Amino acid sequence: METGLRRFLLILLICGQGTVWAQQGPVAAPEGGLVEPVVERSEFDESLIDSDDFELIAVFGYISIEDFGVNSLTGLSLAYHVNPHVFVRATGLRSEGDRTSFETLTGGAPLLTAQEREFEYYRLDLGYNLLPGEAFLDAATTFNTALYVSAGMGTTSFAGDDRSTISYGIGYRLILWEYSALYSEFRNNVFDMDVFGENKSTSNLEFTLGISLIF
Amino acid sequence: MINIFSTKFFLLVLILGVLLPAAVRASENQQLIVAEPFIDLHSGPGSAYPVLQVLERGETLLVLRQVTNWYFVRGQREVEGWVNRDQLQLTLNPQGQRLQLSQLQQDDFIQRGWELGVTTGELEQAPVMSIYLNRALTANMSVEATLAQAIGSVSSSRLAKGNLIMQPFAEWNYSPFFTLGFGNMRVQPKVTLVNPIDRDSDFGQVGLGIRKFINRNFVLRAEINQYVLFSATNERDDNEEIEEWKLGFAVFF
């Protein structure tokens, strides 16, 4: 059964190639002897141009959750490039808060349950390619790059509550080849925390590396 | 380890075998002829990138891909580079006519099918973020579904609503619209408060806003809304009224 399916696929493949070649090959002279000139009327069809304005980015890194230690961070980002300078991004990130120094020192009851320690963060940001540039690996290899700044807002779910978050940062994008880019980004995420009784604004620094699929 | 005898591998080869020649064929059609004395080829998609090559009058070029309003082209002398939209419009198509690239206009926005957008703003002094999907029924009327989350200092609320939107002057550059909607709001007090109880209420909403077509398939949007929460109970006579403003952007397709 399996072999039969493979054979069928192989035949399909050969037929597929054959039709492509047949379409490109010259037209054989008809039997009458007269050869009609083959005039190739090619049209310019704009819709056939491969448009690459979207980017899906896998993100890995660290976030320092204030009072809860530095923790690994993973996420996914979808970016849309509006013009050569401006892009918009939607990002979802996930991490987990560690024990606070207080919890470790006193050895007492934990401040948060395991579920409350889960850190989930969604944000939207607007980015601006401040310094577009090129990077040279050797004389023959050049990559297009950009130093960008971005700012946005989002929602952080941590310690049992949703927290409105302001986020800003700076990053570097290196386009590896036409379908992929590398990202490196440093951001600050500011939200209010009231776990320790008083409401205070916290700065949660984030460093990430990313690799993207451009489509 | 790739098993070259597996059906999956055969499928992959089949797809590549059929699609790749098709892709090559597609780009072969995208040939243009330079009509101006020369056009500039930049080293990257953006006017800040230096011009490293030019294509001269009469040379043919292939358009390989597009990133925003820049096009990656290959000339007949195998030189490659990025041409901006305005310069590409100065080339001739294979019929010898000036190339007309279809620039999305206000008209395309009026005739859009779907619009997907995000907005941020304030709902009763609490920051609010929302995402919406809009379906155009006619040039002046559309329906819309919105999900939003507002996070205040004592509570956070999530709301879902459906809207009917009238845009009477769709052709205006700054086009006003009016909304009418119904939905449900769930208010969740902060966990640190004593005895937190979730509240769930239906609401009606009216609003007005403005949309501005920017370029390609991009629009900006600003709106203000007035909500009436049907929260009157035996103990409380009045319905709650809250206000919201938000700014955002959307793509349409």
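Student: Let's begin with the overall layout. How many helices and strands are there in chain A?

Tutor: Chain A has 3 helices and 9 strands. Going along the sequence, the order is α-β-β-β-β-α-α-β-β-β-β-β. Keep in mind that we're looking at a predicted model.

Student: And what does chain B hold in helices and strands?

Tutor: In chain B you'll find 3 helices and 15 strands.

Student: What about the surface, and which share of it comes from carbon and sulfur atoms?

Tutor: Chain A has an accessible surface of about 12000 Å², with 63% belonging to carbon and sulfur atoms. Chain B exposes about 13300 Å², and there carbon and sulfur supply 60%.

Student: How do I read contacts along the sequence?

Tutor: Take the contacts between residues at least 6 apart, then ask what share joins residues at least 24 apart. In chain B that share is 47%. In chain A, it's 56%.

Student: Can we zoom in on one pair? How many bridges join strand 9 to strand 10 of chain B?

Tutor: There are 9 bridges between strand 9 (residues 126–136) and strand 10 (residues 141–151), and the two run antiparallel. For a landmark, find Asn134(B), which stands opposite Glu144(B) in strand 10.

Student: Now backbone angles. What should I look for in phi?

Tutor: Two cases turn up in chain B. Thr68(B) has a positive phi of about 50° and isn't a glycine. Gln125(B), also not a glycine, has a phi near 65°.

Student: Where do these two sit, in loops or in strands?

Tutor: Thr68(B) is in the loop between strand 4 (60–67) and strand 5 (70–75) of chain B. Gln125(B) is in the loop between strand 8 (114–123) and strand 9 of chain B.

Student: Are they buried or exposed?

Tutor: Thr68(B) is buried because its relative accessibility is 1%. Gln125(B), at a relative accessible area of 70%, is exposed.

Student: How about a buried residue within a strand? What does Gly81(B) touch?

Tutor: Start with its place: Gly81(B) is in strand 6 (residues 80–84) of chain B. With a relative accessible area of 3%, Gly81(B) counts as buried. Leaving aside residues up to four places away in sequence, Gly81(B) touches Leu41(B), His42(B), Tyr71(B), Phe72(B) and Val73(B). Its C-alpha is also 8.0 Å from that of Leu52(B), 29 residues away in sequence.

Student: And in chain A, which residues does Ser180(A) touch?

Tutor: Ser180(A) belongs to strand 8 (residues 180–193) of chain A, and it's buried, since its relative accessible area is 9%. Beyond four places in sequence, Ser180(A) touches Ile175(A), Ile211(A), Ser212(A) and Ile214(A).

Student: Last one. Which residues make the nonpolar surface patch?

Tutor: Tyr128(A), Leu130(A), Leu131(A), Val149(A), Ile170(A), Phe186(A), Leu205(A), Phe207(A) and Leu209(A) make a patch of about 790 Å². Strand 5 (118–138) and strand 9 (200–214) of chain A each supply at least two of its residues. Take Leu130(A), which is in strand 5: a patch residue needs over 30% relative accessible area, and Leu130(A), at 44%, counts as partly exposed.

Note on methods
Residues are numbered from 1 along each chain as its sequence is written. Chains are lettered from A and ligands numbered from 1 in the order in which they are written. This is a predicted model: local features need pLDDT of at least 70, side-chain atom pairs count only at pLDDT 80 or more; totals for chains, interfaces and linings use all residues. Side-chain values use heavy atoms; hydrogens and water are left out. Patches are made of residues with over 30% relative accessible area and no salt bridge: like charges are joined within 9 Å, nonpolar side chains (Val, Leu, Ile, Met, Phe, Trp, Tyr) within 5 Å. Accessible areas come from the Shrake-Rupley method with a 1.4 Å probe; for residues, only the protein chains shown count as cover. A salt bridge is a side-chain nitrogen of Lys or Arg within 4 Å of a carboxyl oxygen of Asp or Glu. Helices (H or I, at least four residues) and strands (E, at least two) are DSSP runs, numbered from the N terminus. Buried means under 20% relative accessible area, exposed over 50%, partly exposed in between (1.4 Å probe, protein chains only). Contact means heavy atoms within 4.5 Å. Two strands pair if DSSP finds at least two bridges between them.
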